[in-house]
Amino acid sequence: SVSVKNIERSSTIEVPVSAAFEYVDEAANVPKWMYGVSTFEPLTEQTHGLGATFKSAMVVGPKTFPSVMKCTAWEQNKLIVMESIEGTICVTRWKFTELGPTSTRVDMEFGYDLGGGLAGKALNKVVEPVVGVAVSSTESKLRELVEAAHAG
């Protein structure tokens with residue numbers, strides 16, 4: 001049985017919605033701001049939007065979690081959803097809301113399942129405390145980099 005754990009965060013980034021969306025949507029930027037992601041390489045010619053697929057690796061504590069991520073929902077300046085189709089079960093959802101001409105709310109949701117059994121339970125004990133830190137770190141790093149890129 002899949003018991004996906006979800007962690008949600010919201011962030012206000014002081015840039016136009018198009019700038020925030022563009023930065024998150026650019027695959028090459030992902031390892032710069034997403035905590036623990038060491039690899040995020042396109043497996044398809046298409047590098048963003050519906051159907052774009054990536055080889056990904058996330059390092060959490062002493063362990064590396066490989067997966068193949070596919071974009072399953074994409075709406076310009078509004079939504080990006082990535083789901084694993086191989087490897088570690090995880091889902092990331094990014095929702096963008098324009099608050100004003102230079103202000104954007106980004107809602108991020110990160111869900112994962114490390115599997116059942118003793119191995120899954122043991123992994124959860126190692127990973128769970130780190131995931132909250134990872135999501136907070138991702139949120140602040142993303143805000144900092146998007147604002148700097150926009151100002152730059």
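Visitor: How many of the 8 residues of β3 are buried?

Guide: This is a predicted model, in which local features need pLDDT of at least 70, side-chain atom pairs count only at pLDDT 80 or more, and totals for chains, interfaces and linings use all residues. Residues are numbered from 1 along each chain as its sequence is written, and side-chain values use heavy atoms, with hydrogens and water left out.

In β3, 6 of the 8 residues are buried, so the strand is largely enclosed by the rest of the structure. Buried means under 20% relative accessible area, exposed over 50%, and partly exposed in between, with a 1.4 Å probe and protein chains only. Strands (E, at least two residues) and helices (H or I, at least four) are DSSP runs, numbered from the N terminus.

The open sheet has 7 strands in the order β1-β7-β6-β5-β4-β3-β2, with antiparallel pairing. Two strands pair if DSSP finds at least two bridges between them. On one side, β3 is joined to β2 by 5 bridges, the two running antiparallel; here K55 of β3 is the bridge partner of E41. β2 (37-42) is an edge strand, pairing on one side only.

The other neighbour is β4. β3 (residues 53-60) and β4 (residues 63-75) pair in the antiparallel sense over 8 bridges.

Helix α3 (residues 117-151) lies across several strands, including β3; contact means heavy atoms within 4.5 Å.

Conventions:
Axes fitted to C-alpha atoms, helices over the stretch in contact; angles between N-to-C directions.
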